[in-house]
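Colleague: I have a new model open on my screen and would like to learn how to read it. Could you walk me through it?

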Amino acid sequence: TVLFTATDECGNTNTTSATFFIQDTTDPTLVAASDETVECDGAGNQAQLDAWLNNNGGASSDDVCAAITWSNDFNDLSDDCGATGSALVTFTTTDNCGNTQTTSATFTIEDTTDPAIDTPASDETVECDGAGNDAQLQAWLDNQGGAIASDICSGFEWTYVVTPLTDDCGETGSADATWTVT
């Protein structure tokens, strides 16, 4: 507040006062957040998610008048297949006068890696039982020929295609099988 005094040549005076206000009604400047997509690590990709959230999705902000603080509305990831999912997050920058700016981006965990076949299928030879060895053939097929698979992001299932048994001598023959893990 400033007191102004007017004085004429004869020494007569009069005064008035006024207040000079500085106010901040301008929102902070904002560079938008960026989407991030990561490959599933099977454990929720927590370190990558935390780093992205702590970095405000790559957004940046500045305010010429006041300090800024960041917040976000992250709750949890959607539940897609396996340990994948996504979250749309809104980041808010606020100066200490209450002016805000927001930006939104999506964090996505995807699974683009094929399951691994750790142990390949093996041929199996059995002694003829005179009835086509159906039970042994089915057990071999159901056991993926001994193949073992793994996937760090999700469960998986096996399917197979098998050719009919060839007609060799007597009740002998062979069948080819191909297993697919998905």
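**Reading the aromatic cluster and the overall shape**

Modeller: Gladly, and let's start inside: W52 and F107 are both buried. Please keep in mind that this is a predicted model.

Colleague: What is the relative accessibility of W52, and how does that make the residue buried or exposed?

Modeller: A residue counts as buried when its relative accessible area is under 20%. W52 has 4% relative accessibility, so it counts as buried. F91 counts as buried too, because its relative accessibility is 0%.

Colleague: How many aromatic pairs does the structure hold?

Modeller: There are 3 aromatic pairs. In one of them, the ring centres of W52 and F91 are 5.3 Å apart and the planes stand at 75 degrees, so this pair is edge-to-face. Planes over 60 degrees apart get that label. The pair ties together parts that are 39 residues apart in sequence, because W52 lies in helix α1 and F91 in strand β7.

Colleague: And what kind of aromatic pair do W52 and F107 form?

Modeller: That pair is tilted, with 5.4 Å from centre to centre and 45 degrees between the planes. Here W52 in helix α1 meets F107 in strand β8, so parts 55 residues apart in sequence are tied together. Through ring pairs, W52, F91 and F107 are linked into a cluster.

Colleague: Which residues have the most contacts inside the largest nonpolar core?

Modeller: They are W52, L53, V89, F91 and F107, in a core of 14 residues. Two or more residues of this core come from each of α1 (46-54), β7 (85-95) and β8 (100-110).

Colleague: Which residues is F107 in contact with, leaving aside neighbours within four places in sequence?

Modeller: Among them are E36, V38, Q48, L49, W52 and L77.

Colleague: Now let's zoom out. How many helices and strands does the protein chain have?

Modeller: It has 2 helices and 12 strands. From the N terminus, their order is β-β-β-β-α-β-β-β-β-β-α-β-β-β. The radius of gyration is 36 Å, well over the 16 Å that the globule rule gives for 182 residues, so the chain is more spread out than a compact globule.

Colleague: What box do the C-alpha atoms fill?

Modeller: Along the principal axes, the box is roughly 140 × 20 × 20 Å. Of the 182 residues, 24% count as buried.

Colleague: And what share of the contacts with a separation of 6 or more joins residues 24 or more positions apart?

Modeller: That share is 54% in the protein chain.

Key
Residues numbered from 1 in each chain as written. Predicted model: local features only at pLDDT ≥ 70, side-chain atom pairs only at ≥ 80, totals over all residues. Heavy atoms only, no water. Core = buried A, V, L, I, M, F, W, Y, C linked by side-chain atoms within 4.5 Å. Buried < 20%, exposed > 50% of the residue type's maximum accessible area, 1.4 Å probe, protein only. Helix = DSSP H or I, 4+ residues; strand = E, 2+ residues; numbered from the N terminus. Contact = heavy atoms within 4.5 Å. Phe/Tyr/Trp six-rings, centres within 6.5 Å; stacked < 30°, edge-to-face > 60°. Rg over C-alpha atoms; globule rule 2.2 N^0.38 Å.
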